[in-house]
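My notes are below as numbered points, to be read with the structure open.

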Amino acid sequence: MDGAAPSEAGAPAAASTAIVFVKDHDSEGVIRQCLSDLAVVATEFKKGGILEAIADLATRPSPHLLIVDISGIDDPVGPIRELANVCDPTTGVVVIGQSNDIRLYRDLKAVGVVEYFFKPLVRALVMRSCNGILTGSTAQPSSRTGKLIFVVGARGGAGATTVAVACCWHLAEIKKRRVCLLDLDLQFGDAALQLNASPSHALIEALEHPDRVDDLFLDRATARIGERLGVLASLETLDQSFVPDEPAVLLVLEQLLKRSRYVFVDVPLISVPHLMQALHLPSTILLVSSGSLVSARDVGRLRKKLGANSAERIVIHVLNERGAAESLSEAEFARAAGTPPDIIIQYSRKIAVASRLGVQGLQDCPELQSALLPLYQQLSGEEDAPPRWRLRDLFR
Ligand SMILES: Nc1ncnc2c1ncn2[C@@H]1O[C@H](COP(=O)(O)OP(=O)(O)OP(=O)(O)O)[C@@H](O)[C@H]1O
Ligand SMILES: [Mg+2]
């Protein structure tokens, strides 16, 4: 169906359907014609290329179709990766440029670009790609999936859920990314409560019948908080124990990662040994501990169990409630845990009081927000170096 307009049923939603960052008039003319032939109404044209796209999309919802110009950029693969950091995985990205280079084409495809066209643009080809993205008939490259973040509390009550919901809220509300929070504590989890959302039975159904999990199922099962944050949580009875089955968790994660830029998983400590395959997926693992000796010891044991950091998987230790009664000194804690923490949050009555208002209260709590800022920056891709190095520098 080369160049045919999308059918009514397949037509994309009106808001922010397509955004085009283009540098020259000729290409702009071709793209305008294509989108007009495809009857795409909500289109925005912007002057500029990939760098302008990164800056712009970091602050607002991602479109369904994004066309970016890489002309004049020496090594565009890095910036395209950066673009993936600020864009939803569901956005179909078409890149245009000047060079007719098969290596560049392969590199761009490998980082999740749907298609690359060099100038002068051929209308029928651009139109076919755009049509495929807008009607959903072109499958998104598998490399375009969300970031996975596990949050594990080293000891109950260490503040894991507080850290998880604060990060989710920041990325969704401030960074405007699409975020999903999955609470795997099916009986005692309070992630939904902290977000003022209602748990449902859909999550247990998903984990018991993962083959039934599709977009429609997830739409119904997810409690929405604002425009971009969703939470999947249950509050099952205490009649029997519900330990999530790992293959089911992996299948649900696969579906969620296709839909959201960030998928946070609140993992109860007791489930860690049952989810080792999941915990070895490319991801960030946030270990949240208190300052106590048992918590320090558990951080060391968890780090050992999780293994060394790699290019694809990094463990970040958040020491929470520093200075609370029975906390170790910094040196004692580092000795007991094996390494110093990456992020430190002080014990503060203000945090405890603010948390009674749920995550909205915590957003206005500078004690928590300033401590979590380096973590927010790292998760949103604004900070490349792991916080460990900066903190170590400070310790030196
Ligand atoms: N830095 C802090 N200062 C004071 N109170 C805090 C701090 N961090 C968290 N809290 C409080 O500690 C309590 C436990 O926090 P949270 O529920 O996040 O822990 P958790 O690790 O998820 O617990 P669980 O093991 O039950 O899942 C909450 O009431 C929260 O408000
Ligand atoms: Mg919790």
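1. How many bridges join strand β1 to strand β3? In this predicted model, there are four, linking residues 18–22 of β1 with residues 65–69 of β3. The two strands run parallel, and Phe21 sits opposite Val68 in β3.

2. Next, have a look at the sheet as a whole. It is open and has five strands in the order β2-β1-β3-β4-β5, with parallel pairing. The edges are taken by β2 (43–47) and β5 (115–118). Each of these has a single partner strand, so one side of each is left without a neighbour in the sheet. From one strand to the next, the twist averages 15 degrees.

3. Now to the helices that pack on this sheet. Helix α1, residues 25–37, touches β1, β2, β3 and β4 (92–97). The direction of α1 makes about 165 degrees with that of β1. Helix α2, residues 50–57, packs on the sheet too, touching β1, β2 and β3. For α2, the direction makes about 140 degrees with that of β3.

4. Which residues of α2 are buried? They are Ile50, Ala53, Ile54 and Leu57. Viewed down the axis of α2, these buried residues fall within an arc of 100 degrees, and therefore they line one face of the helix.

5. Finally, what covers the buried residues of α2? The cover includes the strands β1 and β3, both of which α2 touches as it packs on the sheet. Helix α3 (77–86) is also part of that cover.

Note on methods
Residues numbered from 1 in each chain as written. Chains lettered and ligands numbered in written order. Predicted model: local features only at pLDDT ≥ 70, side-chain atom pairs only at ≥ 80, totals over all residues. Pairing = 2+ DSSP bridges. Axes fitted to C-alpha atoms, helices over the stretch in contact; angles between N-to-C directions. Contact = placed C-beta atoms within 7 Å. Buried ≥ 20, exposed ≤ 12 C-beta atoms within 10 Å, placed from the backbone. Arc of directions from axis to C-beta.
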